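Hi,

Here is the structure we talked about handing over. Please open it first, then read my notes below.

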Amino acid sequence: MGRTSGQGEGGPRISLLGGFQLETDGPAIILPEGSQRLLAFLALKGRLIQRQTVAGTLWPVATEDRASSSLRSALARLQGGARSSVEATARDLGLSEQVTVDLWDARALAHKLLAPTEGARFPDPGPEAIPALSSELLPDWYDDWALVESEDWRQLRLHALEALADRLSSQGQYGDAAAAALAAVRAEPLRESPRAALIRVHIAEGNPTEALREFTRYGELLMLELGVEPTERLRVLVSELWPVTQP
Amino acid sequence: MQEATGVALLTIRAWCEDGSDHPLRAEVKIADDVASGFKSTLISVNAEAAVEAVREFLDSVRCSSSRTQIVLP
């Protein structure tokens, strides 16, 4: 897990969730593509990286000289507030201390939700938690390094959304719990665990009809897309509900 | 997001649904050109279907001076 955003309040803010954006005091700064990729890469790493590694990762098919030249160009095109967001030495590059990154905060939230002991203790994550955990990392970026990080974030946020749904449900906040579970379902419509989380919320709320409707919807989707049925585990989850709703 | 276009991309995400009669889930996503984004997605419980999608993708890249559009089953 990289840095958290605590120490940099008031400085430049980089958003990676839902797309790249850099904000300083004023409106979002429009950056050339190479500079965006540089800042995004440094934000994902969250530590100092050797220039040579940065260049080789961001411009993998270029020669070493060409990649270094592209890196210098990307740095040179960081103007104003954008320039102050990078800490550069002769050997390394990283984000300066005052920079905050939305992904760092979202990752910290996810890890808190998933920590078995800390998760129960830390305060209510608030209404911003669901949108933060629902956002994809750098959608439509196809660089290898971005795809790997994007998948890593997807896995983390799915588990966190399910944990959040269970937590909110146990507190009787069924509407928010269902919203968290639905966000996970939307991210992975064919995966069973988000669907189970949503069904558990409906059951906890005392709404067996909706739980069974969700189970049926999922079963139909699985059959249509994959030609398979839900697992025994999911069937057991709803097995005692059938008599309740039958006339 | 690449500066140089003309790069095709195929990704496979695979996971297991423990307890299913057919536990494998393989999601294959294909971009003929990353500048245009992913165009096709296949999700299957059958490893052979994923392998076949990879084979078709590689054939299309190898043969496509004229950029063949790949349509997954």
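**What was found**

A:I14 has A:L22, in strand 2 of chain A, as its bridge partner. Strands here are DSSP runs of E with at least two residues, helices are DSSP runs of H or I with at least four residues, and both are numbered from the N terminus.

Before you go on: this is a predicted model, where local features need pLDDT of at least 70, side-chain atom pairs count only at pLDDT 80 or more, and totals for chains, interfaces and linings use all residues. Residues are numbered from 1 along each chain as its sequence is written, while chains are lettered from A and ligands numbered from 1 in the order in which they are written.

Back to the strands. Strand 1 (residues 13-15) and strand 2 (residues 21-23) of chain A pair in the antiparallel sense, over three bridges. Two strands pair if DSSP finds at least two bridges between them. Strands of a sheet pair through backbone hydrogen bonds, either parallel or antiparallel. In chain A, an open sheet of four strands runs in the order 3-2-1-7, with mixed pairing. Its edge strands are strand 3 (28-29) and strand 7 (100-101) of chain A, and each pairs on one side only.

Next, two helices. The axes of helix 4 (residues 102-114) and helix 7 (residues 144-170) of chain A come within 9 Å and cross at roughly 55 degrees. Axes are lines fitted to C-alpha atoms, for helices over the stretch in contact, and angles run from 0 to 180 degrees between N-to-C directions. Helix 4 and helix 7 of chain A are therefore oblique to each other (under 35 degrees is roughly parallel, over 145 roughly antiparallel, 65 to 115 roughly perpendicular, the rest oblique). Helix 4 of chain A brings A:R107, A:A110, A:L113 and A:L114 to the contact. Among the residues from helix 7 of chain A are A:L156, A:A160 and A:R167. Residues are in contact if their C-beta atoms, placed from the backbone, lie within 7 Å.

Now the domains. Chain A is divided into domain 1 (6-100) and domain 2 (123-245), with bounds from an automatic or database domain assignment. Their centres, taken over C-alpha atoms, are separated by 35 Å. The contact takes 10 residues from domain 1 of chain A and nine residues from domain 2 of chain A. Helix 1 (residues 33-45) of chain A gives the most to the domain 1 side, with four residues.

Best wishes

How values were computed:
Two residues are in contact if their C-beta atoms, placed from the backbone, lie within 7 Å.
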